[in-house]
Amino acid sequence: MSENVGTIVGVSGNLVTVHFDKPVTQGEVGFVRTGEIALKAEVIRIRSDNAELQVFEDTTGVKVGDPVDFTDNLLTVELGPGLLAQVYDGLQNPLPELAEKTGFFLQRGMYLKALDREKQWDYTPVARQGDEVTAGDTLGTVPEGIFAHRIMVPFGLTGSYTVAETTEAGSYTVDQMVAKLRDEQGTITEVTMVQTWPVKVPIKAYAERLRPTEPLVTKVRIIDTFFPVARGGVYCIPGPFGAGKTVLQQITSKHADVDIVVLTACGERAGEVVETLREFPELTDPRTGKSLMERTLIICNTSSMPVAAREASVYTGVTICEYYRQMGLNVLLLADSTSRWAQALREMSGRLEEIPGEEAFPAYLESVIAAFYERGGVVKLRDGGLGSVTIGGTVSPAGGNFDEPVTQATLKVVGAFHGLNRERSDARRYPALHPLDSWSKYPGVVDTTQVAEARSVLHRGNEVDQMMKVVGEEGTSIEDFVLYLKSEYLDASYLQQDSFHDIDGATHAERQQYVFAKVNDILAAKVFFPDKDSARKWFLQLTSVTKDWNRVAMDTEEFKQLEQRLDSMLAEVSEHA
Amino acid sequence: MHKVYHRIEQIAGNVIMVRAEGVASGELAQVVGTLGVSLAQVIRLERDKVSLQVFAGSRGISTDGQVRFLGHKMDVSFTEALLGRVFDGSGQPRDNGPALDENRIAIGGPSVNPAKRIIPRKMVRTGIPMIDIFNSLVESQKLPIFAAAGEPYNELLARIALQAEVDIIILGGMGLKHDDYLQFRDTLEENGALSRSILFVHTAADPTVECQMVPDISLAVAEQFALQNKRVLVLLTDMTSFADALKEIAITMEQIPSNRGYPGDLYSQLASRYEKAVDFEGAGSITILAVTTMPGDDVTHPVPDNTGYITEGQFYLRNGRIEPFGSLSRLKQQVNGKTRDDHRAVMTTMIQLYASYKETLEKQSMGFRMSAWDNKLLIYGERFEKEMMDLTVNISLESALDLGWRIMADCFEPEETGVSSKLIEQFWPAKAGTAGKETPDEAAADETQAAEKAE
């Protein structure tokens, strides 16, 4: 690879214009050398012999005439054992190691290797000498936490290869050779445990893509029962500030029934990441009994960190997800928030002086969002196993108005919409998903006819509520009033959930099926009351008993007692028939 | 070394253009015009064309004006001598004191590594019950005060500055009326707080570019003090003026506006300032309290809206009081469990009762008959507003909690409040009139104070 050095001819914010002589690739990474430091940058536009690069750092001090080293590589991430439990910035620099080097502040121009170079991994070869392999096939495994991390034929290799040599089982660092592959021409490629992959290109080393049909249990009742998410599905959570987007993401990251969770804090508050960072190592994962951090990976490019790296962070996250999917694992990517990522696109587009679309977002916003969400999915691997990447992105619409471009572009491509609502959060009705506006196209964990009935109660109850605002309680018939109380009961005792309570905060699928059937019986029951006050009183009491019921473990005596109490309460008011 | 350029090729808005070589992005320059000397900053390089933003504005700059590049970026002197002084947005003295030039530090420095942050855990006591009890301010928190124009937000900031338990106060004033600036200075001086304060003030009459620098310069100084183990409170008023300055400059620079004329990077610009709030592990902290005036009292306006996504809660100032509904300190849970056992109970109960009072008021205004319970609520609500919500009340958290119990005890029976019986037993004061307080003297003092305030 020959040296390809360009010269800076212009600087505007974090956009530099570079004059070049040798060929330059769109998307190629270059390093802007200024003084002692080199700043990472990416080619985003080329015009005749000038390339425009977005610099991932502050460009203060850069001069016209400073050299730029082109690397001939696209923006890539390092993939290999040791990714889990890490905390990276948007360009995959490990933040704790950076802190050891530079102290409190993030110094620019400091890039570290993503993976630990010293650590020894116990390698067990799987492929034998003489085996035919293609990109993505397993050569061997190393244990990483609770998983057997597959060392695969690099995804970038095209065509078919023969395993020429494999190493013995034993301890190796990630840079040591584990296999030699020979292609049809006889050229030998050495493979280590690390491979790199360009972040903006989906990994496609699988047999076929399937339709997401398996529900992903989040243990949040309103989601699993009413607006379910599927493994390999994509969903979005738009909501105004203070409606609980981030709390919902945090809960999901704790309870979601997946193997690995990748959290991408993209342009949000640093404080929230810190909570996860300090809290997760202390929490145990109920599935494995190990620390929750062992299945978590954090990509953290908070709001005050450089904007261009913010754009890269969601791609870094999704690429790592795809890598683990290739191992037959179910991975969940939580991106908070995609609006900040879209704003990063807008800032760059403005600098490039492109013709703006709606609200000055670039015209290609929709296709970029669509391409990102399309990277989620369930795939059948070549060995017959299944793997999935589920993507959940929050959206922070300006003024809480869902008509803005990012929300609308996202709604076109997702399979579930969890719209958070200011009125519900103000009324402390958490999780503040709007039960009438939200939707999902994925199958849930409970019977669909029951859900349809419950939903109709919510709808009709809401209509009665609207009507009562006009005619008052006096002008409402007792039948309508009871309908309204039923919908309020469903809301208070099932849709709302105390996420900070150990038992109520995490309702597993079987329990949801059981409890929801009971709630549904109550909703369907014909109940009679002499007057509205007694009806309200009865429903209030019913709500409080059901709430208590939600707070006790399912296999206890108390659970049965409370259930009997619900039954007897129901019997009392049904007898009048 | 410092070559002087004499030919200014373009003057548009506050931006001038000269042809020069070897100039770095972000570098400072001195521009001499007929109205005096001003600093300017390089904002764009295009081959040998250098665009500079002139801090004092371009009026009076002629095409043969002098431009001298200084070879460093915007910085400010950091010494103990800053304390008690007043500067403008470019760091020049606004009082009659000498200019400071030693130990220059760069402004707008890099952001803190998230891995080095810690979960905030220390409360900042302000002596204002609406903050201390109901929405505790926490060290390293960033919190805006949302207010319509005309609300006494600057008075509130000044009160918090005087009463808060911090080591150093840094005031960043943007677009302040000159009277407001003088009032701030005088209030601090009269109360003996000026010696631990530093003021960076941009008044409405000063050049727009300087307005844009106020938060950076204030926070850069704050950061240095925090690293020296000081607890720093940064007051920024008014961030909407700052955003408007950004808007003005962006439009002059022919940037494409995104929402109501504001630049597309408004969120990032605001966030990079607010995110300077930090609690350094093993050193001091920066707490940011900012004022965001809401044009048209509209919280969906781009400035308050973007701010709400960045900050950790907000205070709504309405009718001269901190509104209990809508106001939120996202970090209060980190601290209000550790103050006194009854803190959380008093917080929720009093707000719930106040919400009921509001409902009763509505009923009353519609002409419904008042029940005995309604009458109790009416008395309670009035006392709550007078003794708790009034911003002039200055009492410690503990006496505020005691006061809360006393108000509740005067208005209700214990069981009507819904407080757990354990807390009632421990904290419910004996019936008014009979002495039963643990500290009768203090209570009496509080009462007189409250009575004084009520007048």
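Okay, let's start with a salt bridge in chain B: the side chains of Asp101(B) and Arg104(B) meet, N to O, at 2.9 Å. By salt bridge I mean a side-chain nitrogen of Lys or Arg within 4 Å of a carboxyl oxygen of Asp or Glu. Asp101(B) counts as exposed because its relative accessible area is 59%, while Arg104(B), with 37%, is partly exposed. The cut-offs there are under 20% relative accessible area for buried, over 50% for exposed, and partly exposed in between, with a 1.4 Å probe and protein chains only.

Quick housekeeping: this is a predicted model, so local features need pLDDT of at least 70 and side-chain atom pairs count only at pLDDT 80 or more, whereas totals for chains, interfaces and linings use all residues. Residues are numbered from 1 along each chain as its sequence is written, chains are lettered from A and ligands numbered from 1 in the order in which they are written, and side-chain values use heavy atoms, leaving out hydrogens and water.

Back to charges. Over all chains, the count comes to 50 salt bridges. Take Arg150(A) and Asp383(A), where the closest N and O atoms are 3.3 Å apart. That one links distant parts of the chain, 233 residues apart: Arg150(A) sits in strand S12, and Asp383(A) in the loop between strands S25 and S26 of chain A. Helices here are DSSP runs of H or I with at least four residues, strands are E runs of at least two, and both are numbered from the N terminus. Asp383(A) is exposed, at 51% relative accessibility.

Glu398(B) is in helix H11, Arg125(B) is in the loop between strand S11 and helix H1, and 273 residues separate them. Both ends are partly exposed, Glu398(B) at 27% and Arg125(B) at 25%. Then there's a network in chain A, where salt bridges that share partners join Glu78(A), Lys113(A), Arg117(A) and Asp175(A).

On the chain B side, several elements each supply at least two residues, including strand S5 and helix H4. H7(B) gives the most, with 6 residues.

The contact, meaning heavy atoms within 4.5 Å, takes 50 residues from chain B and 57 from chain A. Strand S1 of chain A and S5(B) run antiparallel, joined by 3 bridges, and Ser12(A) has Arg44(B) as its bridge partner. For pairing, DSSP has to find at least two bridges between the strands.

Last stop, S13(B), residues 142-147: 6 of its 6 residues are buried. Lys142(B), Pro144(B) and Phe146(B) point one way, and Leu143(B), Ile145(B) and Ala147(B) the other. S13(B) pairs in the parallel sense with S20(B) over 6 bridges, with Leu143(B) opposite Leu289(B). The pairing with S21(B) is also parallel, over 3 bridges, and there Phe146(B) partners Tyr316(B).
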